Amino acid sequence: MKKVGLLGGTFDPPHLGHLLIAEEVYEQLKLDEVWFIPSGEPPHKEKASVSARDRVDMVESAIQDNHHFSINTIEVNRLGKSYTVDTIEALLKEYPNNQFYFIIGADMVEYLPKWSRIDKLIEQVQFVGVKRPDYELNTTYPIIALDIPELAISSTEIRKRLANNRSIRYLVPEKVLEVIKERKLYESS
Ligand SMILES: Nc1ncnc2c1ncn2[C@@H]1O[C@H](COP(=O)(O)OP(=O)(O)OP(=O)(O)O)[C@@H](O)[C@H]1O
Ligand SMILES: O=C(O)c1ccc[n+]([C@@H]2O[C@H](COP(=O)([O-])O)[C@@H](O)[C@H]2O)c1
């Protein structure tokens, strides 16, 4: 049975915090792979600022030099809001021999009670919660809580910096920076 970590996200844009949590969970839980799953329509927040195509391309650029990371586009290929419960149901059908671990930051751990059909979802997939500055990892849900180095990086902060012509070097991988610059993403109009 293959142990596969899933990192769902808006990735608007992907940053070093995402890569660090994926790598830490991969190592600590001895996973075989981690799949990055960009949302089509995020279930609980405003639409992303750039297209799904751009977000997929940025994720591909971010993970290209790590052979145990890959991208899965199941959510961008599905219409409507990207509820995790639908994604897990589809993945379990398609890959019955995989054991999935859904990785979330502490902000999403706090939000778990509000996830769609959470009582069903919690029985279908093992959640792994990781620390994130300013959020608590406490929950009554049966998650695996992991201690990881905390990085105070968010996509929101990166978008703000770009809007103010500030540097995002060393907050995102070089390759992601190249895509952002080439396509003039996140420039204020
Ligand atoms: N610095 C971080 N430390 C720990 N977890 C993180 C970090 N950044 C993102 N995550 C987690 O990664 C997943 C995907 O996050 P997402 O793509 O929404 O990035 P974000 O930085 O939270 O974006 P935004 O600021 O736009 O809300 C979520 O589970 C989130 O909690
Ligand atoms: O299914 C839900 O109700 C749900 C609610 C909040 C978040 N999620 C998922 O959690 C992941 C991280 O969310 P986000 O918004 O921080 O990118 C992403 O895969 C979302 O689809 C899912």
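# Close-up views of a predicted model

**View 1. Met58 in helix H2.** With 27 C-beta neighbours inside 10 Å, Met58 counts as buried, a word applied when 20 or more other C-beta atoms, placed from the backbone, lie within 10 Å of a residue's own, whereas 12 or fewer make a residue exposed and numbers in between make it partly exposed. Met58 belongs to helix H2; helices (H or I, at least four residues) and strands (E, at least two) are DSSP runs, numbered from the N terminus. From Met58 to Pro133 the C-alpha to C-alpha separation is 24 Å in space, and the two are 75 residues apart in sequence. The model is predicted, and local features need pLDDT of at least 70, side-chain atom pairs count only at pLDDT 80 or more, and totals for chains, interfaces and linings use all residues. Residues are numbered from 1 along each chain as its sequence is written, while chains are lettered from A and ligands numbered from 1 in the order in which they are written.

**View 2. The crossing of helices H2 and H7.** Two packed helices are described by the angle between their axes and the distance between the axes. Here the axes of H2 (residues 52-63) and H7 (residues 174-182) come within 7 Å and cross at roughly 150°. That angle makes H2 roughly antiparallel to H7, since angles under 35 degrees count as roughly parallel, over 145 as roughly antiparallel, 65 to 115 as roughly perpendicular and the rest as oblique. Such axes are lines fitted to C-alpha atoms, for helices over the stretch in contact, and the angles run from 0 to 180 degrees between N-to-C directions.

**View 3. The open sheet of six strands.** The strands lie in the order S3-S2-S1-S4-S5-S6, with parallel pairing, and two strands are said to pair if DSSP finds at least two bridges between them. Strand S3 (69-71) and S6 are the edge strands, each of them pairing on one side only. From one strand to the next, the twist averages 30°. In a regular strand the side chains alternate between the two faces of the sheet.

**View 4. Strand S5 and its partners.** Four of the five residues of S5 (residues 126-130) are buried, which leaves this strand mostly covered. Strand S4 (residues 98-105) runs parallel to S5 and is joined to it by five bridges; Tyr101 stands opposite Gln126 in S5, and Gly105 has Val130 as its bridge partner in S5. With S6 (residues 144-146), S5 pairs in the parallel sense over three bridges, and there Gly129 stands opposite Ala145. S4 also pairs with S1 in the parallel sense, over five bridges, and the bridge partner of Val4 in S4 is Phe100.

**View 5. The surroundings of ligand 1.** The shell around ligand 1 holds 18 residues, of which the closest are Gly9, Gly17, Gly105, Ser155 and Thr156; a residue is near a molecule if its C-beta atom, placed from the backbone, lies within 6 Å of it. Helix H1 (16-28), S4, H4 and helix H6 (155-163) each supply at least two residues of this shell, and H1 gives the most, with three residues. By class, seven residues are nonpolar, eight polar and three charged, where Ala, Val, Leu, Ile, Met, Phe, Trp, Tyr, Cys and Pro count as nonpolar, Asp, Glu, Lys and Arg as charged, and the others, Gly among them, as polar.

View 6. Gly8, Thr10, Thr84, Trp115 and Ser116 come nearest among the 18 residues around ligand 2. Strand S1 (2-9), helix H3 (84-94) and helix H4 (106-111) are the elements that give two or more residues to this shell. Its residues divide into nine nonpolar, eight polar and one charged.

View 7. The peptide bond between Asp12 and Pro13 is cis, with omega about 0°, and Pro13 is found in the loop between S1 and H1. Arg117, in the loop between H4 and helix H5 (118-124), has a positive phi near 45° although it is not glycine; Arg117 is partly exposed, with 13 other C-beta atoms within 10 Å. In the segment after H7 lies Lys184, another residue other than glycine with a positive phi, here near 55°, and Lys184 is exposed, with 7 other C-beta atoms within 10 Å.
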